[in-house]
Amino acid sequence: MSERTWYESIKVEGGQLLDKVAQIIREGNVRRIVIKQGDRSIAEFPLTVGVVGAVFAPILAAVGAIAALIGDCSILVERVDTAERPAPAAQEPPSNAA
């Protein structure tokens, strides 16, 4: 199995922050969310695979409070994609047809 990690940065207004974070969490392939204002990290939320509904409520409440206090910000999203590599194809020995 191979794991690929990549980062995505999304600019949002304070009022859009909560909706966008909720949407990102629902996508499910997110390892970590960092909320930044300029170059400064305001909050960081690690997310684990398999965590469901009720655990996200405190995260979304915190994001809502942050959204009320800040204007323009960006969301840095660390995403993970786990894909199984296909097994190598079996090679046949060369034929000795002469």
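**View 1. S74 in strand β4.** S74 counts as buried, with a relative accessibility of 12%, where buried means under 20% relative accessible area, exposed over 50% and partly exposed in between, for a 1.4 Å probe and protein chains only. The residue is found in strand β4 (residues 73-83); strands are DSSP runs of E with at least two residues, helices are runs of H or I with at least four, and both are numbered from the N terminus. Leaving aside neighbours within four places in sequence, S74 is in contact with S9, I10, K11, V34, I35 and K36, contact meaning heavy atoms within 4.5 Å. This is a predicted model, in which local features need pLDDT of at least 70 and side-chain atom pairs count only at pLDDT 80 or more, whereas totals for chains, interfaces and linings use all residues. Residues are numbered from 1 along each chain as its sequence is written, and side-chain values use heavy atoms, with hydrogens and water left out.

**View 2. E44 in strand β3.** E44, which lies in strand β3 (residues 40-46), is partly exposed, with a relative accessible area of 46%. Its side chain makes a polar contact with the side chain of R32 (3.0 Å); such a contact is a pair of N or O atoms within 3.5 Å, and within protein one must be able to donate a hydrogen and the other to accept it, while residues adjacent in sequence count only if both atoms are side-chain atoms. Beyond the neighbours within four places in sequence, E44 is in contact with R32, I33 and V34.

**View 3. E3 in strand β1.** E3 has its place in strand β1 (residues 2-12), and its side chain makes a polar contact with that of R31 (2.8 Å). Although E3 and D81 are 78 residues apart in sequence, their C-alpha atoms are 5.7 Å apart in space. Neighbours within four places in sequence aside, E3 is in contact with R31, V80, D81 and T82.

View 4. The buried residues of α1 are G14, L17, V21, A22, I24 and I25. They cover an arc of only 165° around the axis, which puts them on the same side of α1, the arc being that of the directions from the helix axis to the C-beta atoms. The face turned away from this buried side carries the exposed residues G15, D19 and R26. After α1 comes G28, whose phi is positive, near 90°.
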